[in-house]
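Keep the structure open while reading.

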Amino acid sequence: MAKFDIIMPKLGESIIEATITKWLKEPGDTIEEDDAIVEIATDKVDSEIPSPVEGVLKEVFFQEGDVVEVGKVIAVVETEGEEDGDTGESPEQESKPEEKPAAEEKSKPAAEPKEDTAEATRFYSPLVKNIARTEGITMNELESIQGSGKDGRVTKQDVLDYLKNKPASSAPAAAPSTAKAETTPPAQPTAPPVTSEAGDEIMEMGRMRKLIADHMVMSKQVSPHVTSFIEVDMTKVVNWRNKVKDMVMKREAEKITYTPILIEAAAQAIKDYPRINASVDGNNIIIRKHVNIGMAAALPDGNLIVPVIKNADQKSLLGLTKDVNDLANRARANKLLPDEIQGGTFTTTNFGSFASITGTPIINQPQVAILGIGAIRKKPVVIETPQGDMIGIRHMMILSLAYDHRIVDGALGGMYLKRVAELLENFDSDRNI
């Protein structure tokens with residue numbers, strides 16, 4: 001018999017733990033592949049963990065109500081067949097490389113390395129992931145290993161062979177023996193002491209607020225933020241929306257807001273300036289193929305969550321409207337699925353919802369830019385006409401773009417922002433939806 005470890009999965013960016021709310025199976029129960037084993041919850045989403053294999057639930061390691069870190073083994077499923085690298089056997093069962101028969105030491109040819117996106121494109125057993133994590137093997141390297149298991153899976157033996165034949169140059173360089181003194185890392189900033197006074201109310205941060213706080217601090221430490229602003233004449237967009245909103249509500253039962261219109265413009269502008277839709281991995285720039293736009297949504301408790309519209313550049317305005325309404329409603333009801341808050345490549349945040357005219361948003365890592373949307377207000381502005389300049393009342397809005405100055409310079413940030421403004425100011429007033 002073989003054993004397969006069921007681990008606590010990662011349910012979204014910045015989520016490091018989850019609470020077990022209900023076991024759906026008990027030790028001794030027979031489990032089919034993809035059967036839900038346990039219900040779990042985070043401050044963002046509730047979800048179920050399915051079994052990747054069929055077998056018998058042998059043992060569970062946590063009780064209902066326990067908070068478990070991502071990556072921890074929570075249960076073991078006993079499967080048919082002999083144990084090998086395709087099972088989730090525990091780290092204690094691993095054999096040392098020198099204990100393998102000589103015939104098994106033969107190296108497997110490795111595939112040509114490809115760009116490391118830190119995202120797996122095939123299945124890896126918990127054991128393989130554990131070895132990779134312990135030995136410092138990146139996802140880029142793991143993806144390059146040719147698997148000898150069933151359906152091309154990478155087995156424990158494949159990873160051990162890769163480690164044995166790994167070029168010395170890929171190992172971390174040792175510190176020079178002639179160095180006179182070790183380099184002292186820069187001191188980390190510490191928060192000043194805070195004292196409370198009589199009458200002050202002290203509230204402990206909730207888990208979600210702690211995660212948001214840590215994520216925001218990390219983003220400011222990782223990315224040198226620069227923010228550019230542009231004022232946009234939204235008069236054509238405002239007039240068009242006023243003309244069609246009742247028809248859309250009657251025909252589609254959907255409320256059309258400015259958000260899908262702005263997301264459409266942001267996605268179209270990315271096609272012209274794709275380096276805005278990127279991430280930084282060490283000294284590498286990863287330009288994302290897919291345009292997955294997150295929209296920051298305020299929750300009733302004051303926290304924020306960022307559901308993601310996948311492939312936003314390929315959707316119609318009506319499709320974006322339906323996605324925006326659906327995700328926003330389910331975000332407020334805490335009904336989002338784990339996949340719906342992952343995979344974002346660019347983010348928008350709407351300050352205008354709270355009547356703010358602009359703001360300087362913080363980049364949602366590992367992205368490199370975020371678009372801030374201000375309130376639309378009527379203002380007297382100078383209008384240039386063939387007959388000369390005149391003063392008119394227009395619907396104006398300020399857009400702000402915060403970007404990572406490591407790879408996005410002011411020229412690129414400014415050109416992208418200008419392109420978004422052009423798309424909005426030249427909006428087709430006769431457009432059908």
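## A loop residue and its surroundings

S51 sits in the loop that runs between strand 5 (46-50) and strand 6 (55-60). The model is predicted, so local features are reported only at pLDDT of at least 70. S51 has a relative accessible area of 1%. The cut-off for buried is under 20%, so S51 counts as buried. A polar atom of the S51 side chain lies 2.6 Å from the backbone oxygen of V53. Leaving out residues up to four places away in sequence, S51 touches I6, I31, E32, E33, D34, D35, I37 and V77.

In what order do the four strands of the open sheet run? The order is 1-8-6-3, and the pairing is antiparallel. Strand 1 (2-7) and strand 3 (30-31) are the edge strands, each pairing on one side only. Strands of a sheet pair through backbone hydrogen bonds.

The table sets out the pairings.

| Strand pair | Sense | Bridges |
|---|---|---|
| Strand 1 and strand 8 (73-79) | antiparallel | six bridges |
| Strand 6 and strand 8 | antiparallel | four bridges |
| Strand 3 and strand 6 | antiparallel | two bridges |

D5 stands opposite V76 in strand 8. V76 of strand 8 is also the bridge partner of E59.

## The chain as a whole

The secondary structure comes to eight helices and 19 strands. The chain has 433 residues, and buried residues make up 40% of them. Among contacts with a separation of 6 or more, 66% join residues 24 or more positions apart.

Helix 3 (residues 156-164) is mostly covered, with seven of its nine residues buried. The buried ones are K156, Q157, D158, V159, L160, D161 and Y162.

In soluble globular proteins, nonpolar side chains tend to be buried together. Here the largest nonpolar core has 57 residues. F346, L399, L401, Y416 and L424 have the most contacts inside this core. Several elements give two or more residues to the core, including helix 4 (207-222), helix 5 (235-252), helix 7 (317-332) and helix 8 (410-425). Strand 12 (293-295), strand 17 (369-373) and strand 19 (388-404) are also among these elements. Helix 6 gives the largest share of this core, eight residues.

Which residues does L424 contact, leaving aside neighbours within four places in sequence? They are V232, D233, M234, V237, I261, L262, A265, M397 and L399. Another core, of 19 residues, lies apart from the largest one. Its members include A18, W23, I31 and I74.

E264 is placed in helix 6. Is E264 buried or exposed? Its relative accessibility is 8%, so E264 counts as buried. The E264 side chain makes a polar contact with the side chain of R431, at 2.6 Å. Leaving aside neighbours within four places in sequence, E264 is in contact with L317, L320, F427 and R431.

K379 lies in strand 18 (residues 377-385). K379 counts as partly exposed because its relative accessibility is 32%. A polar contact of 2.7 Å joins the side chains of K379 and E231. K379 and R394 are 15 residues apart in sequence, yet 5.5 Å apart in space, C-alpha to C-alpha. R394 is also one of the residues in contact with K379.

## Rings and charge

Two aromatic pairs turn up in a search of the whole structure. There is also a charge placed over a ring: the charged end of R241 sits over the ring of Y258, 4.7 Å from its centre.

Notes
Residues are numbered from 1 along each chain as its sequence is written. This is a predicted model: local features need pLDDT of at least 70, side-chain atom pairs count only at pLDDT 80 or more; totals for chains, interfaces and linings use all residues. Side-chain values use heavy atoms; hydrogens and water are left out. Rings of Phe, Tyr and Trp (its six-membered ring) pair if their centres lie within 6.5 Å; planes under 30 degrees apart count as stacked, over 60 as edge-to-face and the rest as tilted. A charge sits over a ring if NZ of Lys or CZ of Arg is within 6 Å of the ring centre and within 35 degrees of the ring normal. Two strands pair if DSSP finds at least two bridges between them. A nonpolar core is a set of buried Ala, Val, Leu, Ile, Met, Phe, Trp, Tyr and Cys residues joined through side-chain atoms within 4.5 Å. Buried means under 20% relative accessible area, exposed over 50%, partly exposed in between (1.4 Å probe, protein chains only). Contact means heavy atoms within 4.5 Å. A polar contact is a pair of N or O atoms within 3.5 Å; within protein, one must be able to donate a hydrogen and the other to accept it, and residues adjacent in sequence count only if both atoms are side-chain atoms.
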